[in-house]
Amino acid sequence: MEISLDNWVLWQQGPVLFNATILYTWLVMALLVLGSWLATRRLSTDAKISPWQNLLEVLVGGMREQIRQISQQEPGTYLPFIGTLFVFISVSNLLAVVPGYHPPTDSLSTTAALALCVLVAAPIYGIAQQGLRGYLSHYLKPTPLMLPFHIISELSRTLALAVRLFGNVMSGAMIGAILLAVVPLFFPLVMQLLELLIGQVQAFIFAVLATVYIASALQAHEETREEIIKTPAEPTRGGEIPKEDEKT
Amino acid sequence: MLINWFTVAAQIVNFLILVALLKRFLYGPIVAAMAAREEKIAAQLAEAQQKRQDAEQEEASLRQKIRDIEERRQELLTEAGNQAEAHKKELFSQAREDVEQIRQKWAASLQREKETFLQNLKQRLGQEVIETSRRALQEMAGLELEQRLTEVFLDHLRQLPPEEQAAIRESLQETGGELLVTTAFELSEEARQKIAARVQEQFGRDLALRFTTSGELLAGIELLTSSRKLAWSLGSFLDSLDEDLSQAFQQLEKSEAA
């Protein structure tokens, strides 16, 4: 079992501290922003485009399509939030192949922070779409008697999703750690590959669950959820191949 | 496995900052670029479609023009052919008319020549006949021809129809009763007296008679008032001879033409 990144404190002043989780998060953020800036600095609007632009267009287009299919909504508003969830977790886990690097997602603090973000984002999107009154009146339907049950339903669903996200991330790290402990000499390469795969699956699941949760906070979420259960998300065109079946 | 709450708060802030940065540097530009590219490609496709339609229309109109030109050409050819045919017919009919005119002219001149020839023939023949007759009569009977002619003339006078006689009488009264008797030969005194007696018996006693001779008369006697003429001569025989000759010529022509 590795040392938790949170406990690897580099600098501390009272309650304010600077540990490895934050350091690696900043590294990933810097990498993402720098890469995006470099790639989008000279965007072409012609038929011919650079490979980097092509890669990013495939990535963003795939995410937009996924969001559209899952939430049955236009993805414009949700793309930055959900897309960033996916890209951040994906790149964090992908960089695990670099020696000396520790994914910030290995930290429970990080996953909890992301789950809290999703928890808060869902009502915000609902209010943004329907207005405060419209969103709250949704709790009084079909009769005001249903209000406590609505609240319990929302909270429990939120908790369930948060715990599931949390569990997914943690399980990935746990499985990796246990397997490494069991077969330290024979399977390092296979373990690395498995780790990469699990990291990508986690990223995808996190993003999909966030989408589902936000969509459920929007109007007509009951029907939307049923449709999502009937028609699971299709693979994105290009980019990472989702493997959500055994997790969801 | 502890959760460090400060780290959680810091990570939330980090994540929100990352969302803002990526929205600024990644999603915004990429989505805008994709939309612009899609729009541009759609515009290019639409333009290509438009150009293709234009080209097809152009092609159709050019084909139509070629067809029109071909039709026009055929029309012109047909028209030219018709005109040439009409012109040919006109030229043919013109030529036929010319030939016909020439033929008519030729026929007219031929007719004239024939008439002239017949005229000459008649005169010559008459002269010859008279001359021959005169010579023959003189040789056979001396002055008997003149006497005979006088007698025949007197017979004519006697047998003159009453209306002729009345007309001559009337004419004589108008002119004062002078009568001119012209003969082709010199009449004997006896013949003159016979004629005078005969005329005076028939038209009145107080008639004055004057006798002249004229070579133009062919062996005949002519009785002239101012407006009437009573004549008998061989000329009438010659006229009938003339007719007979003309008929003979015509029959000859017919047989030649046949």
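B:Arg24 lies over the face of B:Phe25, 4.9 Å from the ring centre. To count as a charge over a ring, NZ of Lys or CZ of Arg must be within 6 Å of the ring centre and within 35 degrees of the ring normal. This is a predicted model, where local features need pLDDT of at least 70, side-chain atom pairs count only at pLDDT 80 or more, and totals for chains, interfaces and linings use all residues. Side-chain values use heavy atoms, leaving out hydrogens and water.

**Another charge over a ring**
- Over in chain A, the charged end of A:Arg41 sits over the ring of A:Trp37, 5.2 Å from its centre.

**Aromatic pairs**
- Searching the whole structure turns up five aromatic pairs over all chains. (Rings of Phe, Tyr and Trp, the last by its six-membered ring, pair if their centres lie within 6.5 Å; planes under 30 degrees apart are stacked, over 60 edge-to-face, and the rest tilted.)
- One of them joins A:Tyr24 and A:Tyr101: the centres are 5.4 Å apart and the planes at 75°, so the pair is edge-to-face.
- Both A:Tyr24 and A:Tyr101 are buried, meaning under 20% relative accessible area, with exposed over 50% and partly exposed in between (1.4 Å probe, protein chains only).
- A:Tyr78 and A:Tyr125 also pair up edge-to-face, at 4.9 Å centre to centre with 65° between the planes.
- A:Tyr78 and A:Tyr125 are both buried too.

**A cluster**
- A:Tyr78 and A:Tyr125 belong to one aromatic cluster along with A:Phe81 and B:Phe15.

How values were computed
Residues numbered from 1 in each chain as written. Chains lettered and ligands numbered in written order.
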